[in-house]
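Please have a look at the sequence and the model before reading on.

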Amino acid sequence: MAQQTAARTLSIKGPDGQVMTREDLPPPGIRRWVTRRKAQVVAAVRGGLLSRTEACERYALSEEELACWSRLYDEHGTKGLRTTRLQQYRAH
């Protein structure tokens with residue numbers, strides 16, 4: 001029940017500090033994951049715009065991939081979500 005309630009939040013503070021709504025999220029089925037889009041999805045889940053399950057289904061992500069994005073964002077900020085740096089950050 002808490003997960004359903006959280007997913008009804010109308011707006012949150014996005015990763016860039018601006019107000020973000022569901023309309024600001026990357027479209028479902030996105031194929032090119034730039035750092036900004038990854039950070040938006042992490043912020044949306046944390047802020048309650050999307051549940052973890054909904055985010056994984058909407059973007060065809062595994063729970064592990066979403067958890068990895070979240071951890072890298074916590075440890076290294078947006079720079080940690082760069083694809084070219086992923087292996088370097090995962091090693092630490």
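## Ground rules

This is a predicted model, in which local features need pLDDT of at least 70, side-chain atom pairs count only at pLDDT 80 or more, and totals for chains, interfaces and linings use all residues. Residues are numbered from 1 along each chain as its sequence is written, and side-chain values use heavy atoms, with hydrogens and water left out.

Side chains of opposite charge can pair when their charged atoms come close. A salt bridge here is a side-chain nitrogen of Lys or Arg within 4 Å of a carboxyl oxygen of Asp or Glu. The count by this rule is four salt bridges, and three of them are described below.

## Links between helices

Arg46 pairs with Asp74, with 2.7 Å between the closest N and O atoms. Helices are DSSP runs (H or I, at least four residues), numbered from the N terminus.

Arg52 and Glu63 form another salt bridge, at 3.4 Å from N to O. Arg52 sits in helix 3 (residues 52-59) and Glu63 in helix 4, 11 residues apart.

## Within helix 4

Arg71 and Glu75 are joined by a salt bridge whose closest N and O atoms are 3.3 Å apart. Both lie in helix 4, four residues apart, about one turn of the helix.

## Exposure of the partners

Arg46, at 44%, is partly exposed (between the exposed cut-off and buried, under 20%). Arg52 is partly exposed at 30%, as is Glu63 at 37%.

Terms used:
Buried < 20%, exposed > 50% of the residue type's maximum accessible area, 1.4 Å probe, protein only. Helix = DSSP H or I, 4+ residues; strand = E, 2+ residues; numbered from the N terminus.
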